[in-house]
Structures are given as structure tokens and as C-alpha cells.
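Student: I have a structure open and would like to go through its ligand sites. Can we take them one at a time?
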Amino acid sequence: MQLAELLKEWPCSVKGGSIRVEVKGIEDYAQGVKEGDLFVVRKGRNSDGLKYINIALENGAVGVVIEDEKQLDSLKLSVPVIWVPNVLKFMSYSAAKINRYPAEAMQVIAITGTNGKTTVSHFIGQLLYALHKNVIVIGTNGIYINGVEVHLDYEHLTTLQPKHLHKILKVALRKGVEYVVLEASSMGLSKHRLDDCSINIGVFLNLAEDHIEDHGSYEKYKAAKQLLSSLSEQLVLNGDDSFCRTVGLQAKKKKAYFGLGNRVDYQLQLLAEGLVSSTCCLQSKKGQKVFSIPFVGEHHLQNVIAAISTVSELGFGVEEITEAVEKLSLPKGRLEAIENEMNLDIYIDYAHTEAALRAVLQTLNKTVKRNLIVVFSCGGDRDKHKRLKMGAVASKYADMIYLTSDNPRSEDPEQINAQIAAGFSPKQHYEMILDRAKAIETAIQNAQEGDTILIAGKGHETTQTIGSAEIKFSDSESVKIALDKCTKKQ
Ligand SMILES: CC(=O)N[C@H]1[C@@H](OP(=O)(O)OP(=O)(O)OC[C@H]2O[C@@H](n3ccc(=O)[nH]c3=O)[C@H](O)[C@@H]2O)O[C@H](CO)[C@@H](O)[C@@H]1O[C@H](C)C(=O)N[C@@H](C)C(=O)N[C@H](CCC(=O)O)C(=O)O
Ligand SMILES: Nc1ncnc2c1ncn2[C@@H]1O[C@H](COP(=O)(O)OP(=O)(O)OP(=O)(O)O)[C@@H](O)[C@H]1O
Ligand SMILES: N[C@H](CCC[C@H](N)C(=O)O)C(=O)O
């Protein structure tokens, strides 16, 4: 697309060079610029794109986009310098336009909420696939087309940056994909990553505390989540959550509420709960239906009803949806049970917020046969105030806690754990073993037949970030290694 064509509908000023040049893509990482890209100068937390203009030009940038108007005069370049009022919004607009707005040709479902986004997006993806639709799911656990993971070599965020998002959507459209299910993180929304991805249904799951420090305050975090409402044509909201109710009340658009409580359009009632499955009754304007769900826990009932109501709002019948629900599976690292011969119930779960840890512990507490043992820590360079609260929740349910490391990043894991332990009850039994593999091994070694072990916080993750080093690490691999060692010793 010609630069002149790209800029036609956007407020901007241009100096130097020619606007008749062909633009192939948009890039804000200088080293990633390819021949024909526009380089976007962005001031970040650690650095400033201004320092890398020369690298971008050497790599073939055909224009440089800036946000600071003064640079229009100060930058003397051989290519056009383009001033726009907001580079993040411009990146979203231009990535969508260069790729010819692929989202518009598909049904897009975007999910926000503090907890459950990955789970619900995978549920919706699985349901649509079972209903013979081609579907792409994009989120924390990666990118999946019809359940098959697509491996890409760029930085993986929960909500993709527009430069990646619209490119992958264009490929998906070519492959015949009809439905896009994506996670809308608060960071993604506030950084305008989804501004030009036309969203048919916006799903609101819940609001609890996370990423408060990234946003600056709880109010700002809430406002970021709420942005999804204005970006969506239609809303599906959790009627049991007061924030979601408020979003619904303020939105003058088509909406449907789901929940376990009353006054909702799609209500799920728990009839019976087994060890690994639940029997439920769905009441909706489309009728009543009893069916079984292949997992337990109130939070997962919430996730299931969120997925059912969304797919129903897309126009599918309740009968066919509930049939498919019986075959749903949880995404990797969510209440993932690890089989073993030691008669232990071992689970890996991605709980890394207070609400998530409470949800998973309440669930396990119902089925625990003997002691409940928790192995966890909190991420470094992330909300500090959640640490004490997660400590208090863990201590409410756990007989024994192993404090360890969970991506300490630039922080001292011992200090992080001290902040967690400050929330423990005075009688709490606990031990600190910073090496996560060792902590897992010790927990398994010291456990007695019938105990339940929850390893929380890292779920599907395959790395451990210590300082600036990213080391290969997986909870499930570590559990398997520990189990091997323990069974050999027996
Ligand atoms: C807070 C945030 O969004 N940070 C993102 C941001 O970093 P930054 O603004 O600090 O950028 P910077 O490193 O200072 O660099 C400034 C500019 O110089 C450029 N640069 C920099 C160095 C260089 O060698 N060459 C170069 O061109 C950079 O590309 C950038 O344009 O831009 C970087 C490059 O694109 C991102 O990697 C980084 O996301 C990091 C990875 C991140 O962790 N973001 C998280 C908080 C996030 O977005 N998470 C949400 C999930 C959260 C949730 O669960 O709700 C997500 O959607 O994934
Ligand atoms: N509806 C829910 N309410 C509370 N907790 C939940 C809910 N669904 C899942 N969880 C908990 O949150 C953890 C993370 O779930 P999931 O990955 O689906 O959420 P997410 O919103 O995508 O998380 P993030 O974006 O922070 O990575 C789960 O492992 C579980 O412990
Ligand atoms: N999306 C979340 C994931 C946190 C997972 C936990 N393992 C951690 O590192 O804190 C974040 O980047 O904050």
C-alpha cells in the first residue's frame, strides 16, 4: 500500500521524502524492521525508539513515525518523517489497514476479566470446532487453529500487538477460519492493541486485583478493562459480578448476562458434584437442559456458562452446544492433574492472583483426602500488594506450604516470599526452598499417601525468569522428574 493511501484517513503531518513510497508493514522494534516497513518511534519504560532510527533505516525502513511534534524539524532523514498524535493508535490503525482489515471478514469474540480468559477462550474455541466451524484462539497459551498450535517466532503476549495480530488474522482468513477468539488483557486494551480489530462479541468475566501497579491504580485498571465495551458490537457479561453488571448498565448495545445466580439470561445450576465431574442444569430463553461437565469447581462452572452463552449468542442451539460441553477439556496448566503411582493428588494450576488461588484451593479443599500442600511464590516486578493476600488465602487452606520462586525477575525471591509469609496465620507450617524444582521434589518426597499437592502460579509456562536470564523450566516436567526419583527410591 502506498504511504499516501495509508495516511489518507489519519491525522498527521509529513516532512521530507516521498509519500508515493510502498509500505509493506509497521514495526516499532528497529532490529525487526524489514525492507519496506514504517518504523514507529516509541518511548518505552526502558528505552526510546529514537535511539534506534539508524538501525531501522539500515534495515530498509521507508518512513519514520513520531509522536513528539518537535522531532518533525529536528530529525533530518532521507525518508519521510510522519507525526501522528498517538503512535500506539496509529500502529493499530495502520496494521489493520495494511493487512486489509481481515477481522471484518470473520466473527471476532474478545474476552476480558481478571481470571479465566484463557480457559473461556479455549472452551469457546473447542465448542465452535465441535460445531464444525474453523476457529483461531489467540491468548496466553499461544495461538491455535482448530486446536492445533501454530508456532510463531515473535514475542508472545496475551493480547498480540497489532503488527502481529492483523498479519496472523490475514493468514487465518486465507486458511478458511470463520471465528476468532482472543483474550483482551487490560494491558492490551490500554495500549490500543485491539482498537482496529472489529469485535462482534465482547465477553466480561469478572474483576479482581491484578496488574494494578502496571496501570497505576485500581480505577485505571478497571477503566482499561471497560474499554472492551466500547470496542464491541454486542456484550456477554457475568451477571454475578458487580463490575460486569455496571459495564452492562452503561452500555447501550445488545447484551446478555450469564451466571450461577438469578436475573441472568443464561443460568447454570449445579445439581451434583462428583470427584471429577459436575451435573448441571442450564436455564435460558432457549429452554432447559441437564448435562454433565467434565470438571469441578465453581470458577469452572462460571467459565463454562460464559462459553455456552457466548456460543449461543453467536446463533447456535443449546442442544448442540451442551452436547459438545460434555467433551470440553481445560487448557494446559489449568487444574492439570499429574498421574502417579504414589497415591498423591498432584495438580498444576496457573493461579497467580488472590482470587484465582482462592478459587482453586476452595475446589481442592472439597475433595482433599488428607493434607493439602501448596508450592508457590509470586512473580517479581508485579503487584507487590497481592503477595500478602495470596499468603493469607494459601494459609487458610494449606496444611503445609513450600515457598519457592515464580519468575522473580529483578527482585530477590527471598524478599518476595517474606511478603507472602507476612499473610500466613501464626501456626502455618512452611518451608522456603527457592529452587523450584527442589521445592516440588521435597513436597512430593515428604507427602503421605492420600495428600493433595497444588503447584500454583506457573501453569503452562516453560521458563523461569531470574534477573534478566530466562531459564528453561516447566512445573509438569519437574513433577515427572521428582516422581521418577521418588518411585526409584521406594
Ligand atoms: C508494559 C508494556 O506493555 N511493555 C511492553 C513495551 O515495553 P516498553 O514500552 O517498555 O519498551 P522499551 O523496551 O522501553 O523500548 C522502547 C522502544 O524502543 C524499541 N527498541 C528497544 C530496544 C532495542 O534494542 N530496539 C528497539 O527498537 C522498542 O521496540 C520500543 O518501541 O514494549 C515492548 C516491546 O514491544 C514489550 O515487550 C513490552 O511488553 C512486555 C513484554 C510485557 O511484559 N508486557 C506485559 C505487561 C503485557 O502486556 N502483558 C499482557 C498480559 C497482562 C494480563 O494478564 O493482563 C499481555 O497482553 O501480554
Ligand atoms: N472464573 C474464574 N474465577 C476465578 N479464578 C479463575 C477462574 N477461571 C480460572 N481461574 C483461576 O485462574 C487461573 C488462570 O486461569 P486463566 O489462565 O484461564 O486466566 P487468565 O485470565 O487467562 O489469566 P492471565 O491472563 O492472568 O494469564 C486458573 O489456573 C485458575 O486458578
Ligand atoms: N500475565 C501475567 C502472568 C503471571 C504469571 C506468573 N507466573 C508471574 O510471572 O507473575 C503477568 O505477566 O503478570
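Student: How do the residues of the shell around ligand 3 divide into nonpolar, polar and charged?
Tutor: This is a predicted model. In it, the shell around ligand 3 has 1 nonpolar, 5 polar and 4 charged residues.

Student: Which residues are around ligand 3?
Tutor: They are His-211, Tyr-350, His-352, Gly-379, Arg-382, Asp-406, Asn-407, Arg-409, Gly-457 and Glu-461.

Student: What lies 2.7 Å from a nitrogen atom of ligand 3?
Tutor: A polar side-chain atom of Asp-406. Glu-461 also has a side-chain N or O atom 3.1 Å from a nitrogen atom of ligand 3. With Gly-457 the backbone is involved: one of its polar backbone atoms is 2.9 Å from a nitrogen atom of the ligand.

Student: And how much of ligand 3 does the protein bury?
Tutor: 87% of the 350 Å² that ligand 3 exposes when taken alone.

Student: On to ligand 2. How many residues surround it, and which are the closest?
Tutor: There are 18, and the closest are Gly-116, Thr-118, Thr-119, Arg-334 and Asp-349. By class, the shell around ligand 2 splits into 4 nonpolar, 10 polar and 4 charged residues.

Student: Which side chains have a polar atom by an oxygen atom of ligand 2?
Tutor: Asp-349 has one at 2.4 Å from a ligand 2 oxygen. For Lys-117 the distance to an oxygen of ligand 2 is 2.8 Å, and for Glu-183 it is 3.3 Å. Ligand 2 exposes 630 Å² when taken alone, and the protein buries 93% of that.

Student: Which helices each supply at least two residues of that shell?
Tutor: Helix H5 (117–130), helix H11 (298–313) and helix H13 (354–367). H5 gives the most to the shell around ligand 2, with 3 residues.

Student: Which domains does the shell around ligand 2 draw at least three residues from?
Tutor: Domain 2 (102–325) and domain 3 (336–489), with at least three from each.

Student: Changing topic, where does UniProt place the Mur ligase C-terminal domain?
Tutor: The unreviewed UniProt entry puts "domain: Mur ligase C-terminal" at residues 333–459. Over that span the chain is 37% helix and 20% strand, with the end C-alpha atoms 4 Å apart.

Student: And where is the Mur ligase N-terminal catalytic domain?
Tutor: UniProt, again in an unreviewed entry, gives residues 30–92 for "domain: Mur ligase N-terminal catalytic". Residues 30–92 are 25% helix and 17% strand, and their end C-alpha atoms lie 18 Å apart.

Key
Residues numbered from 1 in each chain as written. Chains lettered and ligands numbered in written order. Predicted model: local features only at pLDDT ≥ 70, side-chain atom pairs only at ≥ 80, totals over all residues. Heavy atoms only, no water. UniProt positions renumbered as here; feature names shortened; annotations may be inferred. Near = heavy atom within 4 Å. Polar contact = N/O pair within 3.5 Å; in protein donor to acceptor, adjacent residues only side chain to side chain. Areas by Shrake-Rupley, 256 points an atom, 1.4 Å probe, with all protein chains shown as cover. Nonpolar A, V, L, I, M, F, W, Y, C, P; charged D, E, K, R; others polar. Domains from an automatic or database assignment.
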